[in-house]
Amino acid sequence: MSMFQLALQNVKSSMKNYLTLILSLAFTILVFLNFQNIVFSDVLAVLGRHNQEYTNILVETISVVLGCFMFFFTGYATNVFLTRRKKEIGIYIFMGLGNEKIGRLYMIEMTLVGLATLFAGTGSGILFTQLFQMILLSISDISVDIGFHFSWQSLLITCAFFLTIYLFYVCKGYVNIVRSSVLSLVSASRQNEYVHTRCGILVFKAVLGAGLTGAGYYLAIRKGGQEVMANVLMATILVICGVYFLFGGFLPLCFQGLAAKKTFLYRRQRCLWVSQLIFRMKKNYRTYAMVCVLMICSVTALSTSFAMKLRYDNITHFRNTYTYQLLSDQPDLDKKAEKAIEAQNDISFHTKIRMLSIMEAESENSYALVPYSGLKQLAEDAGLEFDADTLQDDETVKLEHLYLLSLLTDRTDITVTMHGKDYRQVTAVNVPYLGYLQESMTFYLVSDREFERLTPSGTTLYIYSYRIKDIYNFRASLKELDTLVSDTPQNYTGRIVSDPQSSDIEWIRIFYSLGIFMFLVFVMAGGCILLMKIINDAYEEQARYSVLQKMGFDYKTLKKSVSMELSMAYLLPFLIMIVSSYFSVHALENMMYTSLLSVWLVSIGVIFVLFFFCYRISVRIYLGNAMPYGRRLYG
């Protein structure tokens, strides 16, 4: 039998074990291929050049993140399966094969698996290209006619990228086998992440993990100014390190404490799985920490995409609060403007407010002021909320527009200097009182008395704002309104019109869809990592469960023990992920000024369903591998 035939036979006999690796990597290839296809095809040309450029940059950035994830995920998966096969490979030495031949056998076998994975991933990626685009645009709420847009360049990039990564780890495995001794090959399945840890070291890790995660949580939700981004970055690093030490020290220490209590350990046969769980926690803590961090990233990615989508909707609503706006130095322009608009359209409501434009020559600082009573009346006319308390003469409120992402999470008790006087900014609001003008100018709300005091220091202008019933018929009144536009010393009047179908931030809707796909990729990867690790551990437990069965424990009792042990393997990362993701989502809420509680709950629910599904599969496979004849002999 040739080496190729032997490798092919090994792949066929071990296909159940390789299936998890093939499916998980194939799904990642499918998503990566379709992301690349978005960049190199013209499917998003309908968004316009500006939005398409932003979308391509966004997709390329996500592709880099996905590529880094594929690199580490492929390395982890191939290493798990290499460890599992080493004992079997080591047996070939006793059959007369040398390390180099065994290494070549491994390379052929893994190359066949890699080609199968690549074929499955690219084949399904090409097959579902149009469906992927339909789902992407449907979630983004972009209505276009979709044809089959596929770029062969994206296929070549995907194949080259995956094969480079995969062959790198295959060659690494080959070198590992060639340099391994017979003893290390035979006992490889018992070599794992576990090292004997003293109780003092566990206590140190537990305290360090609790301290790092606590500090990370604090920085994540701490409000502030420009330092917020640095806080978020530091919080991310601290939480990742903290999660690592929690699994490496805090959780094993907690279970060791429970195991020391005999009243707990010997009730309900907990002795069968608690001690094994402590060993598993010490052995696989890096894996659990990695899965937990992946889940935190997945929830954060989904929350970010939803937050951006909500912000897009709010910005669109903000810009379209008024259909027409006139900025003029004429105090009696409202009747003429109403007549010009009503010639072609019906007006839903209109507002008028006096503003003061100030330009400070020394600091070259320009801003505009509006009086408290005037803005209150405007809010009533436009049907907008107005809950600002009456201002003192040394107080101000900043009228802001909506930002995609704000680094200022604390906007109270800020000192603002205007015309040589310090004012205390009591708050900042982003209600669209002044529509599109609120985006292009810096507005402050001051008391009526302070507005009148500062009037000689600036230029008095009037803002006339109109909303028509059919906002899509806005062009019909443009010609009449243009007759009012003037730029003379006697009459300055400018016009602003809002086109509801025009937007320079359409790329956010694509970001929303891509965030959902990234969430699914990370969640599925986390479930697959735990599943692969548990399958690998099951083979190590055959001797242990064989002894337990000979001691008289029936299959039903051992199955219950396995179920409890594996449930902890999924539950512990899940619980820590819930707490950590809550703080990351809360930090997003502070920066995006929106509530994401429902998104957080939905993402938690999706992860729970997937983990429960993987848990049920894990129990079934674990029992089949650890006790292959248990049901028949001891059921």
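**Close-up views of a predicted chain: legends**

**View 1. Helix H11 passes helix H20 in a right-handed crossing.** Handedness here follows the near helix, which in a right-handed crossing is turned clockwise from the far one by less than a right angle, and in a left-handed crossing anticlockwise. The model is predicted, so local features need pLDDT of at least 70 and side-chain atom pairs count only at pLDDT 80 or more, whereas totals for chains, interfaces and linings use all residues. Residues are numbered from 1 along each chain as its sequence is written, and side-chain values use heavy atoms, with hydrogens and water left out. H11 (residues 274–319) and H20 (residues 597–626) pack at an angle of about 145°, and their axes lie 10 Å apart; axes are lines fitted to C-alpha atoms, for helices over the stretch in contact, and angles run from 0 to 180 degrees between N-to-C directions. Helices (H or I, at least four residues) and strands (E, at least two) are DSSP runs, numbered from the N terminus. From H11, Arg-280, Val-291, Met-295, Ser-298, Val-299, Leu-302, Ser-303 and Phe-306 meet Val-599, Trp-600, Ser-603, Ile-607, Phe-611 and Tyr-622 of H20, contact meaning heavy atoms within 4.5 Å. By class, the residues of this contact divide into 10 nonpolar, three polar and one charged, where Ala, Val, Leu, Ile, Met, Phe, Trp, Tyr, Cys and Pro count as nonpolar, Asp, Glu, Lys and Arg as charged, and the others, Gly among them, as polar.

**View 2. Glu-565 is found in helix H19 (residues 555–592).** With a relative accessible area of 0%, Glu-565 is buried; buried means under 20% relative accessible area, exposed over 50%, and partly exposed in between (1.4 Å probe, protein chains only). Not counting residues up to four places away in sequence, Glu-565 touches Trp-273, Gln-276, Leu-277, Arg-280, Tyr-545 and Tyr-622. Two of these, Arg-280 and Tyr-622, also take part in the contact of H11 with H20.

**View 3. Helices H1 (residues 3–13) and H4 (residues 99–127) pack at an angle of about 55°, with their axes 9 Å apart.** H1 is therefore oblique to H4, given that angles under 35 degrees count as roughly parallel, over 145 as roughly antiparallel, 65 to 115 as roughly perpendicular and the rest as oblique. Their crossing is right-handed. Met-3, Phe-4, Leu-6, Ala-7, Leu-8, Asn-10 and Val-11 of H1 make the contact with Lys-101, Arg-104, Leu-105, Ile-108, Glu-109, Leu-112 and Val-113 of H4. This contact has 10 nonpolar, one polar and three charged residues.

**View 4. In helix H13 (residues 372–382), the residues Tyr-372, Gly-374, Leu-375, Leu-378, Ala-379 and Ala-382 are buried.** Seen down the axis of H13, these buried residues fall within an arc of 165°, so they line one face of the helix; the arc is that of the directions from the helix axis to the C-beta atoms. They pack against strands S2 (347–360), S3 (365–371), S4 (395–399) and S7 (443–446), and against helix H15 (448–454). H13 is followed by Gly-383, whose phi is positive, near 75°.

**View 5. His-419 is found in the loop between strand S5 (414–418) and strand S6 (421–429).** Although His-419 is not a glycine, it has a positive phi of about 55°. At 41% relative accessibility, His-419 counts as partly exposed.
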